[in-house]
Each structure stands twice: as structure tokens, then as C-alpha cells.
Amino acid sequence: MSPTDHDNDTAPAEVGAASARESADSADDLGHNPSGLWSGDTGTLGERTRRVLLELLKGPYVSGTQAPQLWAALVADEGLVRSRLHDLFLDLVIDRVDEFAFTRKIVTDEIDAPAAVRSERLTFLDTAMLLVLRQLLLAAPGEKRVIVDREEVYERLAIYRTGDESTFQRNLNGAWSRMSNRLRVLHKAGEDRFEISPMVKFLIDEDRVRELIAVYERIAAGETDAGEIDADTEEDEA
């Protein structure tokens with residue numbers, strides 16, 4: 001038998017043995033990590049907990065009403081999720097009553113923490129609309145759902161009008177779209193009726209509320225023209 005014939009005879013067996021060893025190694029890898037979801041996975045969180053962590057990072061928030069399975073995973077593994085977020089300089093904020101959670105940059109004087117969440121660039125009208133939605137929500141304490149009419153919100157914002165009516169209407173529609181699609185604080189509840197998410201309470205802080213109320217009062221008193229208001233303001237998206 002020639003050396004060539006010998007090599008051909010033994011090669012298949014060697015390849016088969018190597019494949020068997022690789023399969024065994026893969027099985028061992030998965031066996032050593034009961035939380036592994038794929039070969040070589042070193043993660044330690046369950047699948048649903050990983051998914052809720054991902055949704056928190058994507059933002060703007062996780063809702064128990066809209067995603068009950070993710071919410072259950074978050075409640076069950078809150079400590080682990082909070083720890084993973086701390087690794088990224090993020091804090092976890094949970095509202096257990098209204099069942100929603102979101103992330104925000106940690107607040108501390110001990111280190112200079114980097115910004116880890118993206119910011120949403122909002123116009124003044126966007127922020128004023130958030131204020132109106134917040135006021136409508138807080139005006140109905142104890143209500144499980146606060147439903148509003150689009151025109152009702154638009155009417156409350158009429159005092160901030162600048163330019164011609166068609167331009168202002170277009171700006172209102174743009175702000176409304178951002179509330180619904182980007183920030184997700186408005187959810188359709190019927191023909192031109194929308195439910196306000198409790199999350200709106202956290203998207204505008206008390207300092208900004210006081211500032212906007214002061215601007216509103218100056219405009220109402222004729223001391224300031226709406227056109228003099230700064231066009232843009234930056235708010236963190238939760």
C-alpha cells in the first residue's frame with residue numbers, strides 16, 4: 001500500500017474524530033453556562049431579561065401595559081438589570097404604580113460620568129406640548145387612563161403661535177407626531193382621541209416647568225412676544 005493510499009484511508013476517520021471533539025467542546029461550553037442561548041454565549045441573563053435590558057437601552061421606556069412579559073422579567077431580575085446599567089453609567093428608574101421604567105445618566109459628584117443616553121432635540125413648541133400633556137395628566141389624579149382630544153391640546157398651545165396660521169398648524173402637527181412616535185407619550189384611544197402616558201411626568205423636570213409657566217404668563221400679560229422665545233431647547237429622552 002502506498003503512502004498516498006494510507007493517507008486516504010485514515011483521513012475520513014481523523015476528520016470525523018475532529019468533528020466529534022468540536023461538538024463535544026461546544027456541548028461542554030453550553031453545559032458550563034446554563035444561561036447560554038447559543039454556542040459560545042458567555043451571558044448570564046435569561047433571554048427575556050436580556051430583551052428588557054436591550055429595550056431599556058433603546059428607549060424611551062418599557063411599559064408593563066404594553067409589554068407585560070418584559071415587565072415581568074424586569075421586576076424579577078431588577079437587581080441584575082440595575083447592575084448591568086450601572087456598568088454603563090446609567091441608572092434605572094421604575095414607577096411601580098403606573099408600571100413603566102426607563103434609564104437616565106447617573107447623578108453623582110464622585111466621578112465625571114460620561115453621557116450614555118442619546119438626547120432628543122426638541123423645539124420650544126415640543127416642550128410646551130409636553131407641559132400641556134403633563135398638566136392634563138396631573139389634573140386627573142387617581143384616573144387610570146387620561147384621554148385627551150388633539151384639538152384640546154392645540155387650543156392650549158395657541159398662545160405660543162408665531163407666524164401665519166398654516167405654519168403654526170404644521171409645527172403643531174410635527175410636535176404631535178414626535179409625542180406619538182419618538183417619545184411615545186401619546187397612544188391612540190379612538191378617533192382623534194389619545195391616551196397620555198404617565199411617562200410624560202419624567203420628560204420635563206420641575207425647573208423647566210417653572211420656566212415655561214413663567215414664559216406663558218409673560219406672553220399672556222403681553223410682556224413677551226412668542227416670536228422672541230428661543231427656537232430650540234434640548235431635553236433628554238428617557
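Asp-98 lies in the loop between β2 and β3 of this predicted model. With a relative accessibility of 28%, Asp-98 counts as partly exposed, because the buried class ends under 20% and the exposed class begins over 50%.

**Asp-98 and its surroundings**

- Leaving aside neighbours within four places in sequence, Asp-98 is in contact with Pro-198 and Lys-201.
- The side chains of Asp-98 and Lys-201 are joined by a polar contact of 3.3 Å.
- Asp-98 and Ser-197 are 99 residues apart along the chain, yet their C-alpha atoms are separated by 9.0 Å.

**Asp-95, in strand β2**

- Asp-95 belongs to strand β2, which covers residues 90–95.
- Asp-95 counts as buried because its relative accessibility is 12%, and the buried class is defined as under 20%.
- The side chain of Asp-95 reaches two backbone nitrogens: that of Val-97 at 3.0 Å and that of Asp-98 at 2.9 Å.
- Beyond its neighbours within four places in sequence, Asp-95 is in contact with Trp-71, Phe-100, Lys-201 and Phe-202.

- Ser-197 is placed in the loop between β7 and α8, the latter being residues 206–220.
- Ser-197 counts as buried, because its relative accessibility is 5%.
- When neighbours within four places in sequence are left aside, the contacts of Ser-197 are Tyr-61, Leu-137, Arg-184, Val-185 and His-187.

**The sheet containing β1, β2 and β3**

- These three strands form an open sheet in the order β1-β3-β2, with antiparallel pairing.
- Its edge strands are β1 (62–63) and β2, each of which pairs on one side only.
- Strand β3, residues 100–105, pairs with β1 in the antiparallel sense over two bridges.
- Within this sheet, Ser-63 stands opposite Phe-100 of β3.
- Helix α3, residues 68–76, lies across β1, β2 and β3 and runs at about 115° to β2.

**The sheet containing β5, β6 and β7**

- An open sheet of three strands has the order β5-β7-β6, and its pairing is antiparallel.
- The edge strands here are β5 (147–149) and β6 (186–190), and each pairs on one side only.
- From one strand to the next, the twist averages 45°.
- Strand β7, residues 193–196, and β5 pair in the antiparallel sense over three bridges.
- Val-148 stands opposite Phe-194, a residue of β7.

**Helix α5**

- Helix α5 consists of 15 residues, 124–138.

**Backbone details**

- Most residues other than glycine have a negative phi, and most peptide bonds are trans.
- Gly-59 and Pro-60 are joined by a cis peptide bond, with omega of about 0°.
- Pro-60 is in the loop between α2 (47–58) and β1.
- Phe-89 is not a glycine, but has a positive phi of about 65°.
- The position of Phe-89 is in the loop between α4 (78–86) and β2, and Phe-89 counts as partly exposed at 32% relative accessibility.
- Asp-192 is also a residue other than glycine with a positive phi, near 60°.
- Asp-192 sits in the loop between β6 and β7 and is partly exposed, with a relative accessible area of 28%.

**The chain as a whole**

- The secondary structure comprises eight helices and eight strands.
- The chain has 238 residues, of which 34% are buried.
- Among contacts with a separation of 6 or more, 62% join residues 24 or more positions apart.
- The accessible surface of the chain is about 14100 Å², and 49% of that surface belongs to carbon and sulfur atoms.

Notes. Residues are numbered from 1 along each chain as its sequence is written. This is a predicted model: local features need pLDDT of at least 70, side-chain atom pairs count only at pLDDT 80 or more; totals for chains, interfaces and linings use all residues. Side-chain values use heavy atoms; hydrogens and water are left out. Helices (H or I, at least four residues) and strands (E, at least two) are DSSP runs, numbered from the N terminus. Buried means under 20% relative accessible area, exposed over 50%, partly exposed in between (1.4 Å probe, protein chains only). A polar contact is a pair of N or O atoms within 3.5 Å; within protein, one must be able to donate a hydrogen and the other to accept it, and residues adjacent in sequence count only if both atoms are side-chain atoms. Contact means heavy atoms within 4.5 Å. Accessible areas come from the Shrake-Rupley method with a 1.4 Å probe; for residues, only the protein chains shown count as cover. Two strands pair if DSSP finds at least two bridges between them. Axes are lines fitted to C-alpha atoms, for helices over the stretch in contact, and angles run from 0 to 180 degrees between N-to-C directions. The expected span of a helix is 1.5 Å times one less than its number of residues.
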